[in-house]
Amino acid sequence: MRPDGVTVGWRVCTPTAAVMDGAPAAPVPAVLLVHGLASNLSRFEEFVEHTGLARRHAMIRIDLRGHGSSLTRRRIDLPTWCDDLAAVLDAQRAATAIVVGHSLGAQVALHFAARHRGRTAAVALIDPVFREALHGRSLWWTRSTPLLAAAARVVRGLNALGLHRRRLEPLDLRALDRLAREALQSPAAEQAFIERYSSMRADLRHVPLAVYLQDLAEMFRAAPRPCDLDVPVLALLSSGATFADADRMRALLAGPRVTIRAIECHHWPLTERPLEVRQAIEEWVGALGAAPDRR
């Protein structure tokens with residue numbers, strides 16, 4: 001529980017090599033996995049189960065405040081999420097972490113690296129959002145950030161008066177991913193998959209409205225540039241993403257310590273290309289000097 005009374009939930013997988021060897025392993029960074037908008041820690045359940053990184057690194061999945069088991073209707077924002085991550089690392093006695101984030105989680109990872117520089121060993125970004133690269137309809141979200149934040153405040157006020165849903169449907173993203181992969185077997189079903197994963201109405205079955213509005217506001221705020229973080233950065237970019245200009249995105253990511261890889265998918269690499277994502281992250285971590293054992 002945090003000092004303000006909010007409970008933050010997480011799951012940790014202990015390094016298997018340390019258990020098998022019967023002796024403490026040499027200190028290595030934890031791997032901190034941060035989900036995206038209207039999501040929860042089940043987003044990375046499959047990743048943790050199959051990755052060879054779990055032999056050497058503590059794998060920590062967190063429910064960001066407002067999501068999953070960290071449900072709250074109080075104010076949330078990027079600095080609060082970042083401080084929650086640092087508190088989880090403290091609770092796990094992890095000095096540093098490789099922070100892996102998807103979409104909104106990538107924004108959290110960038111801000112964490114800027115806010116807690118001494119705790120960040122490296123950052124892996126899966127489809128990050130840079131407002132400077134957005135185009136078309138996506139620009140509306142950047143211009144609407146103050147409106148979204150104001151709407152979230154209004155809804156939180158109503159929530160404080162007791163006006164809110166009493167029950168939210170649980171969201172098992174691993175089970176949803178299985179259904180999505182079946183849908184991707186046919187062009188007709190693929191369109192249904194895109195609509196389901198892009199549906200605000202579907203998302204709101206699982207998260208409070210105030211949280212969803214604040215998620216949107218935070219996702220489209222200005223983000224730190226990777227080249228200013230002074231840590232290794234991996235960026236995995238979906239080839240089918242249309243919300244941002246690809247050339248501008250690569251220019252914003254460019255830096256001497258940044259590795260960029262394209263993933264052939266829409267905007268859900270962990271759903272559509274889990275093996276490719278897992279291998280890319282494992283190879284990158286290996287190049288940092290902590291090579292994972294393959295399973």
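In this predicted model, the largest cavity is lined by Arg43, Glu46, Phe47, Asp177, Leu270, Pro274 and Arg278, and its volume is about 60 Å³. Helix H2 (45-50) and helix H13 (274-287) are the elements that give two or more residues to this lining, which divides into three nonpolar, no polar and four charged residues.

**The second largest cavity**
- Helix H7 provides the largest share of the lining of the second largest cavity, namely three residues.

**The largest pocket**
- The largest pocket has a volume of about 1100 Å³, and of the 35 residues that line it, Tyr197, Ser198, Met219, His267 and Trp268 are the closest to its centre.
- Among the elements that give two or more residues to the lining of this pocket are helix H7 (173-183), helix H8 (187-197) and helix H10 (209-219).
- By class, the pocket lining has 18 nonpolar, 13 polar and four charged residues.

**Packing of H3 and H4**
- Helix H3 (residues 78-91) packs with helix H4 (residues 104-115) at an angle of about 75°, their axes being 9 Å apart, which means that H3 is roughly perpendicular to H4.
- Residues of H3, including Trp81, Leu85 and Leu89, meet residues of H4, including Val108 and Phe112, and the contact has 10 nonpolar, two polar and two charged residues.

Technical notes: Residues numbered from 1 in each chain as written. Predicted model: local features only at pLDDT ≥ 70, side-chain atom pairs only at ≥ 80, totals over all residues. Heavy atoms only, no water. 1 Å grid on protein atoms, 1.4 Å probe; cavity = no way out; pocket = protein on both sides within 12 Å on 5 of 7 lines; lining within 4 Å. Points joined across faces, edges and corners; volume = space filled by probe spheres on them. Helix = DSSP H or I, 4+ residues; strand = E, 2+ residues; numbered from the N terminus. Nonpolar A, V, L, I, M, F, W, Y, C, P; charged D, E, K, R; others polar. Axes fitted to C-alpha atoms, helices over the stretch in contact; angles between N-to-C directions. Parallel < 35°, antiparallel > 145°, perpendicular 65-115°, else oblique. Contact = heavy atoms within 4.5 Å.
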